[in-house]
Number of protein chains: 2
Amino acid sequence: MVMRLFLQTHRKPVLSDDDIASLEAAAGKTVDYAAKRVIVRENVPLTQCTLLMSGFVERFKDTPDGRRQILAIHVPGDFVDLHSYPLKRLEHSVAALTPVTVVNFPHADIRALTAKSATLTELLWRSTLIDAAINREWIVSVGARGASVRLAHLMCEMFVRLERIGLTRGEEFDFPVTQIDLADATGLTAVHANRMLRQLRERGLVEFRQGLVKILDWPALKDFAGFDPRYLFLD
Amino acid sequence: MVMRLFLQTHRKPVLSDDDIASLEAAAGKTVDYAAKRVIVRENVPLTQCTLLMSGFVERFKDTPDGRRQILAIHVPGDFVDLHSYPLKRLEHSVAALTPVTVVNFPHADIRALTAKSATLTELLWRSTLIDAAINREWIVSVGARGASVRLAHLMCEMFVRLERIGLTRGEEFDFPVTQIDLADATGLTAVHANRMLRQLRERGLVEFRQGLVKILDWPALKDFAGFDPRYLFLD
DNA sequence: CGGTAGCTTGACAATACTCAAGCAGCGTGG
DNA sequence: CCACGCTGCTTGAGTATTGTCAAGCTACCG
């Protein structure tokens, strides 16, 4: 049951019942974190991975001059730091954006899994690479899109990813983060993010208020954001 | 011999002579491309990977409004699109920044390698994840660093990566790309990139001229860029 | 009830972009 | 050999976008 949401987002390659069972069996301790708690600190040797069960998690880096850049936002079912298995440490930190529940997977158990099943290995590998594809889409966002488009694009991404795991209600979804978080994710200041969110609302595209996102016009929003979901590899 | 530079950058996990031999044996055709030629087109089914032997390669995306965002720059010894093995396609394109030579590795042969050696699989997996770590550092660059700092940081990264494979001469190295390329990589316009490069030169940090980079003051440059090489996982 | 975190708005400053022009170098064809 | 066109670099002037500083507001918590 622990892997339900993960398998819902990752449908290829197809796993045998046996593979699924051993994956489930590798699950270790369940841990809760309060909002803003650091879950994994950068450049510290790691011996386990973290599967997000509920809530939202951020991967981020702080710069010397005090800015925070969010590198990725994770939704339930995401293996937040599976890349720590081959890398042995992370070059960034991981923190809870909201109250979260996670399940740990010891590296030793993952090693056993990969030794046993090549298909499973490929699925896990692929999962880390989809994260990387999202990382790259974010480079495009911060590097080549205007402020309001960036925010619109982020809303599109969250909508599609949350829809996949059944966490949307029609055209709205809970996204209990602050405007500061949105600013840190898009490389903007909180003040400017606020203005751009207002603009998106006034244009009738999306509304973000008190952690609730309402898509007002999905086709128009997608078009405005230049959103092409193929980078999410949901096929 | 084909894997020499690759193994020079990727020293962990340590491979057996057997693993190295089978990796070498997987090498397929050698192909040359002229500068600016597209090597892999986005969202097209792929059946092989590309190892860069000489020259520089870019991974990029074009936006609807005509901007190009470079997502990564590859140096000799890099597996440019190893991630196409688990993903089966790329969500971005790959092109030659300079004249290049590459060697192809059929997915089928990589599959055979991974079936045979778990250590080799881990090394390949790790290699794709180091690329991802670089992707994330670029998010920080475009999202949270000023224009001149971004360029300085890119110069630091290229210097360290090229030094690793013996392509630097003291504190200088060949980097035969245009200012437009640098602008596309850093999310700036060519005009602004030009001004910022002049600033870096006048401050006595780095000089970029006609595809030649001269580090003028490495400690000062590193400090100015906030460059921390740990994200390159060279240990 | 005071304090804090988050949202909102305004006025102003800094950063980066656009448009435009001129120049240098290089390869090609007359 | 020269003339031409092309690509890339450089600089200036004006504009647009985004950031900074500041203040006031709300809601919620202790």
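Hi everyone, let me start with a pair of side chains: A:Arg68 forms a salt bridge with A:Asp62, with the closest N and O atoms 3.3 Å apart. By salt bridge I mean a side-chain nitrogen of Lys or Arg within 4 Å of a carboxyl oxygen of Asp or Glu. A word on the ground rules: this is a predicted model, where local features need pLDDT of at least 70, side-chain atom pairs count only at pLDDT 80 or more, and totals for chains, interfaces and linings use all residues. Residues are numbered from 1 along each chain as its sequence is written, chains are lettered from A and ligands numbered from 1 in the order in which they are written, and side-chain values use heavy atoms, leaving out hydrogens and water.

Back to our pair. At 30% relative accessibility A:Arg68 counts as partly exposed, and A:Asp62 is partly exposed too, at 45%. For these labels, buried is under 20% relative accessible area, exposed is over 50%, and partly exposed is in between, using a 1.4 Å probe and protein chains only.

Now compare A:Arg59, which forms a salt bridge with A:Asp131 at 3.6 Å between the closest N and O atoms. This pair links distant parts of the chain, 72 residues apart, with A:Arg59 in strand 4 and A:Asp131 in helix 5 of chain A. Helices (H or I, at least four residues) and strands (E, at least two) are DSSP runs here, numbered from the N terminus. Are these two partners buried or exposed? A:Arg59 counts as buried at 1% relative accessibility, and A:Asp131 is buried at 14%.

On to how the chains meet. A rotation of 180° with 0.0 Å of shift along its axis superposes chain B on chain A, with an RMSD of 0.0 Å. The two copies are thus related as by a two-fold rotation axis. The same surface serves both copies, as 100% of the contact residues of chain B recur in chain A. Contact here means heavy atoms within 4.5 Å.

How much area do chain B and chain A bury between them? About 4200 Å², 66% of it on carbon and sulfur atoms. Buried area is the accessible area (1.4 Å probe) that two parts lose on being put together, summed over both. B:Trp125, B:Arg136 and B:Ile139 supply 19% of the area that chain B buries against chain A, more than any other three residues.

There is charge at this interface as well: 10 salt bridges are counted between chain B and chain A. One example is A:Lys88 with B:Glu122, whose closest N and O atoms are 3.4 Å apart. Helix 5 of chain B gives the largest share of the side that touches chain A, 19 residues.

Last stop, helix 9 of chain B, residues 218–225. Its buried residues are B:Trp218, B:Leu221 and B:Ala225. Seen down the helix axis, they fall within an arc of 60°, so they line one face of helix 9 of chain B. That arc is taken over the directions from the helix axis to the C-beta atoms. On the face turned away from the buried side sit the exposed residues B:Pro219 and B:Asp223. The cover over the buried residues includes helix 6, strand 10 and strand 11 of chain B. Finally, helix 9 of chain B is followed by B:Gly226, with a positive phi near 65°.

Conventions:
Copies are superposed by least squares on the C-alpha atoms of residues with pLDDT of at least 70 in both.
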